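This briefing is for a reader who is new to the structure below.

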Amino acid sequence: MDYKEKVKYFYEHVTSNHLISEVPDYVSEECVIRLGDKTIPVGVSGMQQHMIEVRTTYPDLKMSITRQYCDGSFVISEFIMEGTHKGEWLGMKPSGKKLCITGVNVDKVIDGKIMEHGGAANTFEALFEARIICPAL
């Protein structure tokens, strides 16, 4: 598998099917999360914990990659994530509503494993659209 295929498989198969035990096959122990100019070390266990927490909020989570671009070791993936809001998150009670969240992931792949992960998603727009949160008037 080339890097694009490997990243796509990680999101569409491993993440969508909640295959926590397969994360070490796709994520480096030295993996960091990129937040602007900051990096947060997470490794395999941090990525597994993130998957568990997201799955608590959206137990039926499915991800699809709609487009990808690769430049050297960087893979940029546009995605659609769908799931039913069944768990509390950031103080928001479960709504039972199906959400569709779109976004872009930027992953750096070294020796076949994700070494850096970052990106952005329209989570709040999806919550507004579903009327789970409302802007203050």
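Which residue takes a positive phi in the hairpin of S1 and S2? Gly-36 does, with a phi near 65°, and the hairpin has two residues between its strands. The model is predicted, so local features need pLDDT of at least 70 and side-chain atom pairs count only at pLDDT 80 or more, while totals for chains, interfaces and linings use all residues. Residues are numbered from 1 along each chain as its sequence is written, and side-chain values use heavy atoms, with hydrogens and water left out.

**Sheet**

- An open sheet is formed by six strands in the order S2-S1-S6-S5-S4-S3, with mixed pairing.
- The edges are held by strand S2 (38-41) and strand S3 (62-71), each with a single partner strand, so one side of each has no neighbour in the sheet.
- On average, neighbouring strands of this sheet are turned by 25° against each other, direction ignored.
- Helices (H or I, at least four residues) and strands (E, at least two) are DSSP runs numbered from the N terminus, and two strands pair if DSSP finds at least two bridges between them.
- Strands of a sheet pair through backbone hydrogen bonds, either parallel or antiparallel.

**Partners of S1**

- Strand S1 (residues 27-35) runs parallel to strand S6 (residues 113-121), and three bridges join them.
- S1 and S2 run antiparallel and are joined by four bridges.
- Val-32 stands opposite Glu-116 in S6, and its bridge partner in S2 is Pro-41.
- Ile-33 has His-117 as its bridge partner in S6.

**Helices on the sheet**

- Helix H1 (residues 3-15) lies across S1, S3, strand S4 (74-84), strand S5 (98-110) and S6, at about 165° to S3.
- Helix H2 (residues 43-57) lies across S1, S2, S4 and S6, at about 65° to S1.
- Contact here means heavy atoms within 4.5 Å; axes are lines fitted to C-alpha atoms, for helices over the stretch in contact, and angles run from 0 to 180 degrees between N-to-C directions.

**Salt bridges**

- The structure holds five salt bridges, each defined as a side-chain nitrogen of Lys or Arg within 4 Å of a carboxyl oxygen of Asp or Glu.
- One of them joins the side chains of Lys-8 and Glu-12, at 3.8 Å from N to O.
- Lys-8 and Glu-12 are about one helical turn apart because they are separated by four residues in helix H1.

**Pocket and cavity**

- On a 1 Å grid over the protein atoms alone, a cavity is a set of points where a 1.4 Å probe fits but cannot get out, and a pocket is an open set with protein on both sides within 12 Å along at least five of seven lines; lining residues have an atom within 4 Å of a point.
- Grid points are joined across faces, edges and corners, and a volume is the space filled by probe spheres set on the points.
- The largest pocket holds about 920 Å³ of space.
- Its lining has 30 residues, and His-50, Val-54, Asn-105, His-117 and Ala-121 lie nearest the centre.
- H2 gives the largest share of this pocket lining, seven residues.
- There is one cavity of 30 Å³ or more, and the largest cavity holds about 30 Å³.
- H1 gives four residues to the lining of the largest cavity, the largest share.
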